[in-house]
Amino acid sequence: MAPAYSAAANRNKKPILAVLGRVLPKHGLVLEIASGTGQHVLHFAAALPGLRWQPSDANPEFLSLLMELVASAGLENVKSPILLDVTETTLPVRAANAIVCINMIHVSPWKATLALFDGAEKLLSSGEALYLYGPFRRGYKHTAPSNKAFDASLRCRDSAWGIRDMEKVVIEAEAAGFALAEVVSMPANNFSVVFRKVK
């Protein structure tokens, strides 16, 4: 069953917002991929009312929870959540002005990361941002012993999961037409990684 509350999401929503407030446009549509419990999108939407937010998730259980949360929050700039699996050939969104994807690529197969960039290339225009958040390896090494242990636990749960090498993620982003704009160290050995569409 999908959890109704994430303590980690509650802890990191303010540091993430501090970065998003700088890198997102003042107006437009932001597609959030893998919205999970919905705590992030509701916090961001309340703080950045000039943006419209489209929550989504590939898990139908999360989607049901998201729909309830969005409806109860009553925020006019949050659209009804949609079912979205980045590995599907056709995404249910035609365009966006930015994409936010938090804590997804280490709990999904590598093909999901590739599909995320492919879909973002189709949805975003030149200069628009794709924002990733989560743990990464840097220099092909873990950044902390806790991340190494976390990576091992992920791979025990699913051999296709695991903390990704930021260098490999950047290579795939560049192949899809994105340039690395900024890397921000975040609490608990996580990173904000900002890409911009080149053309």
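Helices here are DSSP runs of H or I with at least four residues and strands are E runs of at least two, numbered from the N terminus. You are looking at a predicted model, where local features need pLDDT of at least 70, side-chain atom pairs count only at pLDDT 80 or more, and totals for chains, interfaces and linings use all residues. Residues are numbered from 1 along each chain as its sequence is written, and side-chain values use heavy atoms, with hydrogens and water left out.

**Helix α6.** Now select residues 166-175 and pick out M166, V169, V170 and A173, the buried residues of α6. Buried means under 20% relative accessible area, exposed over 50%, and partly exposed in between (1.4 Å probe, protein chains only). They cover an arc of only 100° around the axis, which puts them on the same side of α6; the arc is that of the directions from the helix axis to the C-beta atoms. An α-helix has 3.6 residues a turn, so residues three or four places apart point the same way. The partners of these buried residues include α4 (110-123), β6 (129-134) and β9 (178-186).

**Helix α3.** Move to N59, which caps the N-terminal end of α3: one of its side-chain oxygens is 2.8 Å from the backbone nitrogen of E61. Which residues of α3 are buried? Select F62, L63, L65, L66 and V70. Their arc around the axis is only 165°, which puts them on the same side of α3. Colour P60, E68, A71 and S72 next: they are exposed, on the other side of α3. The buried set packs against α2 (39-47), β3 (56-57) and β4 (82-83). Past the helix comes G74, with a positive phi near 65°.

**N190.** Jump to N190 in strand β10; its C-alpha atom and that of L66 are separated by 24 Å. N190 is buried, with a relative accessible area of 12%. Show its side chain to find a polar contact (N or O atoms within 3.5 Å; within protein, one able to donate a hydrogen and the other to accept it, residues adjacent in sequence counting only if both atoms are side-chain atoms) with the side chain of Y133, at 3.2 Å. The N190 side chain also reaches the backbone oxygen of P187 at 3.3 Å.

**N147.** Finish in helix α5 (residues 145-157) with N147. At 5% relative accessibility, N147 counts as buried. Contact means heavy atoms within 4.5 Å, and leaving out residues up to four places away in sequence, N147 touches P135, F136, H142, I163, A188 and N189.
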